[in-house]
Amino acid sequence: MTSGKSIRPTGNDTEDRAVERIVRRTYESLTGRGGEPLYYALMDDTPVGTLGLALGEAGLRRLEFVKREDEFVERLLSEFPGRPLLHSLRLEPARRALDRYFAGRDLALNLPVDLRDVTAFQRRVLEWTARVPPGSVTTYARVAARAGRPGAARAAGNALHSNPVAIVVPCHRVLRGDGSLGGYAGGLPAKEWLLRLEGAIL
Amino acid sequence: MRAEQGARPPIGADAAVVPCLPGDGQRLALLLARHGLELARHLRRIVRDDDAAADLLQDTFLRAHSALGRLRAGSNARAWLYRIATNAALNHLRSRSREDAALRRHAADVAAASLAGDRQGAPAGPDWAEREAPNPGDRRQADAQRAALWARVATLPERQRLAITLRIADELDYAEIARRMGGNEAAARANVHQAVKRLKRESR
């Protein structure tokens, strides 16, 4: 289990709820952010580097490769204006699922994602990509065709590059037609590591 | 994933503080995002009152924000916030016990006055005056000890901090602690043991 820096939730629901109400009051009065909170956590030192996770009411909104916590937090604050952002234990189930995935124990990684802030084409690309099972790969051209734009391999590549929920939507399983790796937001070594973990390459 | 639907509490009329500059709101939000929940938990455990904890949390972040320029880059913002919060909580507890003492004196005056006015009547005096902690000094000391304990707990390594919190604040047994933290009972026991050892060492 990788470790976050904040005190963990105690699992005491009454206390957790009361504590969250207290923070939301302060958040709203000091910053004007009064909507439904967005929760985040970091996973340090995974085999593919540090990951930043953000969770909304309907599922994961972000799973990104990040360098520093502040940078990730600042980006979330500007991408989700008006919403309080909280480092929270609510990401624990997702972190545990990712730990199992990285250990090779649960490659299917069924985590709910919320893709509401992507374009229609990008959503189709991501949805088709999500159907590629671990251990398999596909190509940018094939994903583009499936998403309704045959010949738009480059556009599919761009859509995958800005995948808001890396790993969970397995954009690393999409390669070039010639079998070369193509690109990856987390860097090509990370892409290669993930494919090796899943047994897609030896 | 647990979804919790707490109704949003009303915001006190005096609570509206408008950030002076656009960048200020962002900097406060950054601190709140990173440390808000853990500090709220810390404050609530010390003062044992949600409204007071909310006021104190707001004070803590306002103070922190006004001093943000003085915080050296790379210094430990978390430890610094904990210090501000703990001091604010202790001040709150001190002023609360002063208020309690004033109330008790007032109650005694009322009782004496009503006795003087009607010497035949039953001794008056609100019974809550008697229900307060028997000795305000004892309670003050207990409050201070509790605050100091949680301040030290906050400095423990994460697993130890969680284990000891589940053990002493939530009074869970080791099997339940293991279930919530992941891992087995022996590990839970070891974490609590290490935490206690460390707290004892630090309190000497």
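Guide: Welcome! Helices (H or I, at least four residues) and strands (E, at least two) are DSSP runs, numbered from the N terminus. With that, chain B reads α-α-α-α-α-α-α-α from its N terminus on, with 8 helices and 0 strands. This is a predicted model, in which local features need pLDDT of at least 70 and side-chain atom pairs count only at pLDDT 80 or more, while totals for chains, interfaces and linings use all residues. Residues are numbered from 1 along each chain as its sequence is written, chains are lettered from A and ligands numbered from 1 in the order in which they are written, and side-chain values use heavy atoms, with hydrogens and water left out.

Visitor: What pattern does chain A follow along the sequence?

Guide: Chain A follows α-β-β-β-α-β-α-α-β-α-α-β-α, made of 7 helices and 6 strands.

Visitor: How do I read burial, and what share of the residues is buried in chain A and in chain B?

Guide: Buried means under 20% relative accessible area, exposed over 50%, and partly exposed in between (1.4 Å probe, protein chains only). In chain A, 56% of the 202 residues are buried; in chain B, 39% of the 204 residues are.

Visitor: Is Leu89(A) buried or exposed?

Guide: Leu89(A) is buried, because its relative accessible area is 10%. You will find Leu89(A) in the loop between β4 and α3 of chain A. Its C-alpha atom is separated by 8.4 Å from that of Tyr40(A), although the two residues are 49 apart along the chain.

Visitor: How do I read a sheet, and in what order do the strands of the open sheet in chain A lie?

Guide: Strands of a sheet pair through backbone hydrogen bonds, either parallel or antiparallel. Two strands count as paired if DSSP finds at least two bridges between them. Here 4 strands of chain A form an open sheet in the order β3-β2-β1-β4, with mixed pairing. Its edge strands, each pairing on one side only, are β3 (59-65) and β4 (85-87) of chain A. On average, neighbouring strands of this sheet are turned by 25 degrees against each other, direction ignored.

Visitor: Which residue stands opposite Met43(A) in β2(A)?

Guide: That is Leu51(A). The two strands here are β1 (residues 38-46) and β2 (residues 49-56) of chain A, which run antiparallel and are joined by 6 bridges. Leu51(A) also has a bridge partner in β3(A), namely Phe65(A). β2(A) and β3(A) run antiparallel as well, with 6 bridges, and a hairpin of 2 residues joins them.

Visitor: How many residues of β3(A) are buried?

Guide: 7 of the 7 are buried, so β3(A) is largely enclosed by the rest of the structure.

Visitor: Which helices lie across this sheet?

Guide: For the angles, axes are lines fitted to C-alpha atoms, for helices over the stretch in contact, and angles run from 0 to 180 degrees between N-to-C directions. Helix α2 (residues 69-79) of chain A lies across β1, β2, β3 and β4 of chain A, at about 155 degrees to β1(A). Helix α3 (residues 92-102) of chain A lies across β1, β2 and β3 of chain A, at about 25 degrees to β1(A).

Visitor: What does Glu74(A) touch beyond its neighbours within four places in sequence?

Guide: Contact means heavy atoms within 4.5 Å. Glu74(A), found in helix α2 of chain A, is in contact with Gln26(B) and Leu30(B). With 38% relative accessibility, Glu74(A) counts as partly exposed.

Visitor: At what angle do helix α1 of chain A and helix α2 of chain B pack?

Guide: Helix α1 (residues 13-31) of chain A packs at about 45 degrees to helix α2 (residues 50-66) of chain B, with the axes 9 Å apart. That makes the pair α1(A) and α2(B) oblique. Angles under 35 degrees count as roughly parallel, over 145 as roughly antiparallel, 65 to 115 as roughly perpendicular and the rest as oblique. Residues in the contact include Ile22(A) and Leu30(A) from α1(A), and Leu57(B) and Phe61(B) from α2(B). By class, the contact of α1(A) with α2(B) has 9 nonpolar, 3 polar and 3 charged residues. Ala, Val, Leu, Ile, Met, Phe, Trp, Tyr, Cys and Pro count as nonpolar, Asp, Glu, Lys and Arg as charged, and the others, Gly among them, as polar.

Visitor: Within chain B, how do α6(B) and α7(B) cross?

Guide: Helix α6 (residues 158-168) and helix α7 (residues 174-181) of chain B cross at roughly 135 degrees, and their axes come within 10 Å. α6(B) is therefore oblique to α7(B). Among the residues making the contact are Leu162(B) and Leu166(B) of α6(B), and Tyr174(B) and Ile177(B) of α7(B). The contact of α6(B) with α7(B) has 6 nonpolar, no polar and 3 charged residues.
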